Amino acid sequence: MAPSEHELRLRERLNRLRNVPLLGGAKLSGELERLQRQLDRIGQEPTGDEIWRSVELARHPDRPYTLDYVEALLDDWFELHGDRGRGDDGAMVTGLGKLDGRTVALVGQQKGRDIQERTRRQFGMPYPEGYRKAIRVFELADRHGFPVISLVDTPGAYPGVAAEQHGQGGAIAMSQTTMARLSVPTVACVIGEGGSGGAIAIALADRVLMQEHAIYSVISPEGCAAILWRDAGQAKKAAAAFKPDAAHCLELGVIDAIVPEPAGGAHVDPAEAARLLGETLRESIDDLVEVPADELRRRRRAKFRSLGVFA
Amino acid sequence: MAKIDVSIETEDKPAPPPKHPNTCPSCHSHYRDDELERAQWVCAQCGHHFPMRARARIASLVDEGTFYEESADLHSEDPLNFFDLRPYTERLAEAEMSTGLADAMVIGQGAIEGRGCELAVMDFTFMGGSMGSVVGEKFSRACDSAAERGVPLVSVTSSGGARMQEGILSLMQLPKTVCAVEDLHDAGQAMIVVMAHPTTAGVLASFASLGDVLLAEPGALIAFTGPRVVEQTTREKLPDDFGLAEQNLRFGHLDAILERRQIRPTLGRLLRLFG
């Protein structure tokens with residue numbers, strides 16, 4: 001690519017990025033400089049190495065998980081358990097809490113910190129029971145007018161015999177359908193791994209956010225490498241090819257904004273990471289509660305129906 | 001052949017690969033093209049259902065001369081400049097040459113036993129029937145066309161899942177097709193899905209599961225995760241009929257399994273019921 005053309009692309013990219021509601025700068029005047037730096041950084045096309053760095057940070061064992069953000073951001077948290085049919089999936093956490101005095105419903109995948117918890121929560125990979133639990137909480141929120149927050153952090157839906165027998169594909173489809181029907185505002189944020197169908201199942205939201213070092217992809221880098229390169233060891237190459245990083249997702253219109261992380265990643269300063277996430281969630285909900293329900297639903301569907309590139 | 005992981009093997013010990021696509025993988029009977037075509041690609045000896053191309057499928061379902069194709073000229077772009085062992089654009093061009101299709105789905109208007117409907121039919125031979133932006137857009141347009149004309153949508157699925165070469169945009173075809181079905185349902189129209197072998201991953205986890213009635217062909221693999229991946233990741237012992245249509249019916253995920261020649265009359269009956 002000729003340098004001038006490359007420069008042009010970069011400038012166009014920066015322009016486009018400036019026009020997106022990156023954290024709705026209005027309420028963040030104290031951080032403008034920081035934001036500008038971040039904007040400059042994501043204005044550059046991330047390199048293969050930078051993309052791989054995000055893959056590593058997104059999976060970092062100390063990275064804050066859904067329940068860490070719940071604790072930092074929500075008051076009066078009450079966890080809701082079970083899908084009312086078959087079981088209670090530990091990989092999917094649901095509950096009610098107050099965000100700035102407003103009751104919200106929260107749904108999110110949860111990995112584990114130690115091996116016992118990881119096993120109990122299937123490393124954040126929900127069974128169909130997990131998605132059905134999410135569905136019933138979406139419906140609960142809809143009945144009572146609670147805004148919905150989804151925190152996405154999963155390598156993917158659980159790939160097992162029982163999961164298939166209990167209807168994994170159908171559960172993921174129904175979870176999306178339920179979100180497409182909601183009359184309440186919905187905000188989803190990918191806070192770690194946004195792995196394929198298991199992630200989109202709870203991310204059909206009015207506003208979709210991604211933390212700076214989260215990844216969002218159709219398949220894991222290892223899975224893609226195993227299929228296309230016939231060698232799972234080529235994961236880094238695969239990630240560079242399918243570009244699961246936040247900057248590329250923003251550019252493709254898949255997400256609406258990037259939530260910044262403390263320097264070095266969310267695990268370096270979880271309190272600051274939670275503060276930054278909380279601020280964006282609040283702003284997003286404040287914006288969305290102003291929109292009438294029919295209009296909200298119409299816009300949500302129109303947004304997702306416009307995604308794709310073809311000629 | 002596209003390198004899409006669909007894990008088609010269902011036997012404990014897979015038979016040696018057939019020498020010819022017209023050889024039945026199940027009983028090894030061999031057929032001439034015209035014999036298979038007359039039998040709707042079903043083995044006369046053992047009833048094995050060979051894969052069926054999209055246009056042949058449409059011809060087998062609609063009343064003669066009623067099909068009018070829509071959006072035939074939609075082509076995939078290469079939004080990521082994707083390059084694995086070969087560039088995506090090269091794979092696309094090759095698939096187009098070998099299949100005569102612009103992508104893995106054909107949509108259009110037709111009539112089945114005199115009842116008007118919209119059709120959205122997938123073709124597995126085009127890059128494993130993978131769903132990228134074009135498949136998502138065509139399905140979305142089929143929903144709109146059905147809603148505008150006030151007719152039901154009939155969709156025949158056959159897909160290895162989302163098209164990796166389009167990265168996150170291919171994942172976004174899941175919510176896109178889900179929203180399209182919701183709009184179709186809001187317009188008061190029905191969707192009937194026929195799942196052919198294989199209907200897996202992203203297609204199963206989106207529009208394919210959302211039909212008002214879900215039908216399948218015998219022996220079709222219908223799974224979010226295919227048997228090979230489940231076995232490798234979990235080391236579980238798989239039941240013999242893992243992921244097959246028959247298991248899905250038993251567990252309540254399908255309304256019926258139909259032999260291929262029963263599909264057209266059944267669709268005709270359902271269209272009358274929904275009409």
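How many residues of chain B are in contact with chain A, and how many of chain A with chain B? I opened the notebook with that, keeping in mind that this is a predicted model.

**Entry 1: the side of chain B that touches chain A**

I counted 55 residues of chain B in contact with 43 residues of chain A. Next I looked up which helices take part. In chain B, α4 (133-149), α5 (167-171), α6 (173-186), α7 (201-204) and α8 (227-234) each supply at least two residues of this side. α6(B) gives the largest share, nine residues. I then sorted the residues of this side of chain B by class. I got 30 nonpolar, 16 polar and nine charged.

**Entry 2: chain B as a whole**

I turned to the fold of chain B. I found 10 helices and eight strands. Its C-alpha atoms fill a box of roughly 50 × 45 × 35 Å along the principal axes. Why call chain B a compact globule? For 275 residues, such a globule would have a radius of gyration near 19 Å, and chain B has 18 Å, so the two agree. I also checked burial: 51% of the 275 residues in chain B are buried. Then I took the contacts in chain B with a separation of 6 or more. Residues 24 or more positions apart account for 70% of them.

**Entry 3: two domains in chain B**

I noted the division of chain B into domain 1 (12-50) and domain 2 (51-274). Their centres, taken over C-alpha atoms, are 23 Å apart. How many residues of each domain are in contact with the other? I found five in domain 1 of chain B and nine in domain 2 of chain B. The domain 1 side of this contact has three nonpolar and two polar residues, and no charged ones.

I followed up on B:Met195. Leaving out residues up to four places away in sequence, I listed what B:Met195 touches. The list is B:Thr157, B:Ala208, B:Leu214, B:Leu215, B:Ala216, B:Ala220 and B:Ile222.

Terms used. Residues are numbered from 1 along each chain as its sequence is written. Chains are lettered from A and ligands numbered from 1 in the order in which they are written. This is a predicted model: local features need pLDDT of at least 70, side-chain atom pairs count only at pLDDT 80 or more; totals for chains, interfaces and linings use all residues. Two residues are in contact if their C-beta atoms, placed from the backbone, lie within 7 Å. Domain bounds come from an automatic or database domain assignment. Ala, Val, Leu, Ile, Met, Phe, Trp, Tyr, Cys and Pro count as nonpolar, Asp, Glu, Lys and Arg as charged, and the others, Gly among them, as polar. Helices (H or I, at least four residues) and strands (E, at least two) are DSSP runs, numbered from the N terminus. The radius of gyration is taken over C-alpha atoms; the globule rule is 2.2 Å times the number of residues to the power 0.38. A residue is buried if 20 or more other C-beta atoms lie within 10 Å of its own, exposed if 12 or fewer, and partly exposed in between; C-beta atoms are placed from the backbone.
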